[in-house]
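Here is my note on the structure you asked me to look through. Please read it with the model open beside you, point by point.

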Amino acid sequence: MNRRKFIKDSFIGMIAVSAPVSISAAALGSCTKKSTTTGSGIKLSFKPYELKLRHAFNLAKYSRTTTPDVLVQVEHDGIIGYGEASMPPYLGESVESVCKFLNNLDLTQFNDPFRLEEILEYVDSTAPNNRAAKASVDIALHDLLGKKMGQPWYKIWGLSPEKCPSTSFTIGIDTAEVVRKKVEETAPFNVIKVKMGLDNDKELVEIIRESTDKPICVDANQGWDDKYKALEMCNWLAERNCLFVEQPMPKEMFEETAWLRERSPLPLVADEFLQRLPDVKRAAEAYDGINIKLMKSTGMREGFQMAQLARALGLKVMVGCMTETSCAVSAAAQLAPLTDWADLDGNLLIANDCFDGMKIVDGKITLSDRPGIGVVPINA
């Protein structure tokens with residue numbers, strides 16, 4: 001591998017993609033809303049919040065040091081539910097688009113927050129796409145209802161917390177020196193997730209194997225665009241204690257992915273290919289499992305439905321996250337007892353978490369008895 005070229009290209013990509021996006025003062029002002037309605041309906045408020053990453057997040061196609069985020073609250077009868085919308089670049093959403101969507105919602109028309117299906121159908125029908133924006137409301141409503149019932153959502157769903165899997169801890173694409181430092185940070189975890197998709201993929205694994213033989217899982221982030229290379233990598237990884245490969249090929253290369261699945265010794269997990277519930281059945285034709293992320297599924301309601309359908313189709317189930325605060329990560333963790341694998345480290349990758357929520361104990365997702373999604377706000 002040409003290390004000098006790799007470092008140079010990664011640095012240039014980081015500058016190009018991580019450059020801050022300017023938001024005018026007027027636009028920023030419209031992105032903060034505090035409900036002043038005094039009626040009995042549901043009150044909605046929100047504000048932008050920039051997530052600051054502990055390390056530059058390097059993937060096959062881009063790099064960044066921050067993630068835009070919008071924090072959301074819904075209130076009813078003095079009880080507050082918390083939610084958030086996290087917007088990594090590939091989702092196609094922005095602070096402006098999320099705030100515009102939320103500004104157009106009128107939740108005060110709903111006096112009974114327990115009419116969850118009706119409320120979320122209204123939210124979903126307000127505008128197409130806007131999945132992260134919709135997820136922020138969904139999460140906040142689930143938190144609100146759980147608090148009203150005095151129960152966490154995993155109990156409301158009838159799930160057993162002891163069935164939660166270990167979560168992986170992510171190592172992004174980087175130089176050998178930085179990767180070695182990141183491997184040290186994985187000490188409390190049982191599984192390491194490796195981001196791949198460039199010409200140093202094997203070197204990253206070899207560096208990790210210098211220090212630990214812990215199981216790894218690989219996320220190629222659509223980085224392998226040749227099915228023969230993808231198969232060679234799957235065979236190579238299978239000999240190095242790899243559990244599965246996530247999104248090995250571009251999502252458009254469906255037939256090639258199906259070809260790869262027939263030959264790969266490792267399970268293939270759909271990520272970018274998979275967005276919402278209708279995609280699950282199609283994914284079963286080319287993948288062995290699915291990765292459910294609330295920012296893509298529009299939230300907990302549909303994420304739960306996706307997990308149930310995947311099980312019915314014989315698919316493995318994984319729950320993942322973006323870079324998020326403990327709010328959205330704890331919401332996703334309510335699904336964890338339904339899953340085979342989890343990648344819920346997004347809150348650990350940021351330096352300014354403003355919630356206390358789900359914990360990792362001995363590398364395993366541990367759910368509390370706090371009602372709702374199990375979070376309380378803290379000063380970041």
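1. The axes of helix α3 (residues 95-103) and helix α5 come within 9 Å and cross at roughly 50 degrees, where axes are lines fitted to C-alpha atoms, for helices over the stretch in contact, and angles run from 0 to 180 degrees between N-to-C directions. Helices (H or I, at least four residues) and strands (E, at least two) are DSSP runs, numbered from the N terminus. This is a predicted model, in which local features need pLDDT of at least 70 and side-chain atom pairs count only at pLDDT 80 or more, while totals for chains, interfaces and linings use all residues. Residues are numbered from 1 along each chain as its sequence is written, and side-chain values use heavy atoms, with hydrogens and water left out.

2. How are α3 and α5 oriented to each other? They are oblique, therefore, to each other, given that angles under 35 degrees count as roughly parallel, over 145 as roughly antiparallel, 65 to 115 as roughly perpendicular and the rest as oblique. The crossing of α3 past α5 is right-handed; a crossing is right-handed if the near helix is turned clockwise from the far one by less than a right angle, and left-handed if anticlockwise.

3. In the contact itself (heavy atoms within 4.5 Å), V98, F101 and L102 of α3 meet A133, K134, S136 and V137 of α5. By class, this contact of α3 with α5 has five nonpolar residues, one polar and one charged, where Ala, Val, Leu, Ile, Met, Phe, Trp, Tyr, Cys and Pro count as nonpolar, Asp, Glu, Lys and Arg as charged, and the others, Gly among them, as polar.

4. Helix α7 (residues 176-185) and helix α8 (residues 201-211) have axes that come within 10 Å and cross at roughly 45 degrees, and α7 and α8 are therefore oblique to each other. Here α7 passes α8 in a right-handed crossing, with A176, V179, R180 and V183 of α7 making the contact with E203, L204, I207, I208, E210 and S211 of α8. The residues of that contact divide into six nonpolar, one polar and three charged.

5. For helix α9 (residues 227-238) and helix α10 (residues 254-263), the axes come within 10 Å and cross at roughly 30 degrees, which makes α9 roughly parallel to α10. The crossing of α9 past α10 is right-handed. On the α9 side K227, Y228, A230, L231 and C234 meet E256, W259, L260 and R263 of α10, and the residues of this contact divide into six nonpolar, no polar and three charged.
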